[in-house]
Amino acid sequence: EIYTLSLHDALPIYYRRKFVSARPSGDGNTWHANKINVEDGKTYTVRLYVHNNNPKPENVAKGVKATFSLPTTVAKSHTIIGYLDATNASPNRYWDEVIMQSNQDFYLEFVRNSAKFTNAKLGTVALPNEVITSSGAMLGYSALDGKIPGCFAYDGVVTIEVKAHYSASSKLTKTARIKGTQNWSDKAVDNRSEERRVGKECRS
């Protein structure tokens, strides 16, 4: 039986059931695993710890991917949920959450292209923006192929950044990309033979 994260309470916080945490971006190494107070205009890093706690490296977790669920409302408190899936684990989905709060209403903006995965083999690599959608982002040890061997030597960390805004006023920007690519742009695409996907994004 392969598990894709550790559930041992005696270990440090990033090995516990509280495997999702947050902190102000660039602010030392103090992670908040339950709640964090936010300030207007400040950017925060949200972290999801990834570990296949089977003690044998030959027991490989497969189809491992991470997904974050971000709130889209304006309120004094928001819950960010991090999900970790593996197709051959039992159960095949784990999740944890961290609460971002303030004494004023605010909303959270996902910082596009901020998603990253770090482990001992790959170093730090970029993950697609789809990590905040139901598609999620595939992880892995030696490649982003969904395969993570058992034991602590193969663990890793997924991070994204979000920005807090007190003001509910925003402007709607329209972007487009060619189908099959990941690069969004607000510039017109002249080649009309290419099929496009259009997205809308709220920015302060």
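Before the first click, one cut-off: a residue is called buried when its relative accessible area is under 20%, exposed when that area is over 50%, and partly exposed in between. Also keep in mind that what you're looking at is a predicted model.

**Stop one: Asn 119**

Select Asn 119, which you'll find in strand β7. Is Asn 119 buried or exposed? Its relative accessible area is 7%, so Asn 119 is buried.

Now show what surrounds Asn 119. Setting aside neighbours within four places in sequence, Asn 119 is in contact with Gly 140, Tyr 141, Asp 155 and Gly 156. Zoom in on Tyr 141: its backbone oxygen sits 3.0 Å from a polar atom of the Asn 119 side chain. Then pick out Gly 156, the bridge partner of Asn 119 in β10. If you like, draw a distance from Asn 119 to Val 158: the two are 39 residues apart in sequence, and their C-alpha atoms are 9.2 Å apart in space.

**Stop two: strand β10**

Gly 156 leads us to the next selection, residues 156-165, which make up strand β10.

Which strands pair with β10? Colour them in one by one:

- Strand β3, residues 43-50, runs antiparallel to β10 and is joined to it by eight bridges. Look for Arg 47, standing opposite Thr 159.
- Strand β6, residues 93-110, pairs with β10 in the antiparallel sense over four bridges. Here Phe 110 stands opposite Val 162.
- Strand β7, residues 116-119, also pairs with β10 in the antiparallel sense, over four bridges.

**Stop three: strand β4**

Move on to residues 65-69, strand β4. Five bridges join β4 to β5, and the two run antiparallel. Select Thr 67 and you'll see Tyr 83 of β5 opposite. Follow the chain from β4 to β5 and you pass through a hairpin of five residues.

There's another partner to find: β4 is joined to β9 by two bridges, again running antiparallel. Click Lys 65, whose bridge partner in β9 is Met 138.

Start with the loop between β5 and β6, the place of Pro 91. The peptide bond joining Ser 90 and Pro 91 is cis, with omega at about 0 degrees.

Next, go to the loop between β6 and β7 and select Asn 113. Its phi is near 70 degrees, a positive value in a residue other than glycine.

Then jump to the loop between β9 and β10 for Cys 151. This residue isn't a glycine, yet it has a positive phi of about 100 degrees.

**Last stop: colour by confidence**

The chain's mean is 82, and 74% of its residues reach 70 or more. Over residues 1-15, though, pLDDT is below 50; that stretch has 56 contacts in the model beyond near neighbours in sequence. Now try residues 192-204, where pLDDT stays under 50 and the model has 41 contacts beyond four places in sequence.

Note on methods
Residues numbered from 1 in each chain as written. Predicted model: local features only at pLDDT ≥ 70, side-chain atom pairs only at ≥ 80, totals over all residues. Heavy atoms only, no water. Buried < 20%, exposed > 50% of the residue type's maximum accessible area, 1.4 Å probe, protein only. Pairing = 2+ DSSP bridges. pLDDT = per-residue confidence, 0-100. Contact = heavy atoms within 4.5 Å. Polar contact = N/O pair within 3.5 Å; in protein donor to acceptor, adjacent residues only side chain to side chain.
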